[in-house]
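Take a look at the model below.

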Amino acid sequence: MKENTQAKSNRITILKFLKTCISQNQPSPTYKEIQEHIRAASPQTVTYHVFKLEKEGLVTKSGGHRSLGISNLGNLFIEYLESVFINLPAKVVVAKKKPFE
């Protein structure tokens with residue numbers, strides 16, 4: 001089953017949120033904080049996305065739900081996304097979507 005664009009966008013948002021917290025020397029965000037940040041309706045949504053990110057090797061979990069971290073691969077992925085999308089004009093990003101969706 002193919003995942004929708006919103007699910008992928010939520011995972012990227014979670015990664016960026018984790019990176020921001022870590023770079024500001026804050027503790028790892030709780031699942032509730034992540035839920036509020038991505039405006040998810042339920043905490044199970046966050047559990048699902050964190051599970052997928054962990055399975056893809058982009059985040060690490062230790063000490064239960066409280067300690068989330070970004071793996072080296074996750075940091076590289078964020079750097080790649082920033083290098084590809086930050087400097088592109090909005091038209092290019094929109095053009096990558098399928099027409100009439």
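Leu 18 touches Pro 29, Val 59, Leu 68 and Ile 70, leaving out residues up to four places away in sequence. Keep in mind that this model is predicted.

**The core**

Which residues have the most contacts inside the largest nonpolar core? They are Ile 14, Leu 15, Leu 18, Ile 34, Val 46, Leu 53 and Leu 68. The core has 17 residues. At least two of its residues come from each of these elements: helix 1 (5-23), helix 2 (31-38), helix 3 (43-55) and strand 2 (67-70). Helix 1 gives the largest share, five residues. In soluble globular proteins, nonpolar side chains tend to be buried together.

Now for the packing of the helices. The table sets out two pairs.

| Helix pair | Angle | Distance between axes |
|---|---|---|
| Helix 1 and helix 2 | about 120 degrees | 10 Å |
| Helix 1 and helix 3 | about 75 degrees | 10 Å |

Start with helix 1 and helix 2. They pack at an angle of about 120 degrees. Helix 1 is therefore oblique to helix 2. Their crossing is right-handed. Helix 1 brings Asn 10, Thr 13, Ile 14 and Phe 17 to the contact. Helix 2 brings Glu 33, Ile 34, His 37 and Ile 38. By type, the residues of this contact are four nonpolar, three polar and one charged.

Next, helix 1 and helix 3. Their angle is about 75 degrees. An angle of 65 to 115 degrees counts as roughly perpendicular, so helix 1 and helix 3 are roughly perpendicular to each other. On the helix 1 side, the contact is made by Ala 7, Asn 10, Arg 11, Ile 14 and Leu 15. On the helix 3 side, Tyr 48, His 49, Lys 52 and Leu 53 take part. These residues divide into five nonpolar, two polar and two charged.

**A closer look at Asn 10**

Asn 10 lies in helix 1. It is part of the contact with helix 2 and of the contact with helix 3. Is Asn 10 buried or exposed? Its relative accessible area is 11%. Buried means under 20%, so Asn 10 is buried. Which residues is Asn 10 in contact with, leaving aside its neighbours within four places in sequence? The answer is Ile 38 and His 49. Ile 38 belongs to the helix 2 side of its contact with helix 1, and His 49 to the helix 3 side of the other contact.

Note on methods: Residues numbered from 1 in each chain as written. Predicted model: local features only at pLDDT ≥ 70, side-chain atom pairs only at ≥ 80, totals over all residues. Heavy atoms only, no water. Core = buried A, V, L, I, M, F, W, Y, C linked by side-chain atoms within 4.5 Å. Buried < 20%, exposed > 50% of the residue type's maximum accessible area, 1.4 Å probe, protein only. Helix = DSSP H or I, 4+ residues; strand = E, 2+ residues; numbered from the N terminus. Contact = heavy atoms within 4.5 Å. Axes fitted to C-alpha atoms, helices over the stretch in contact; angles between N-to-C directions. Parallel < 35°, antiparallel > 145°, perpendicular 65-115°, else oblique. Left-handed = near helix turned anticlockwise from the far one by under 90°. Nonpolar A, V, L, I, M, F, W, Y, C, P; charged D, E, K, R; others polar.
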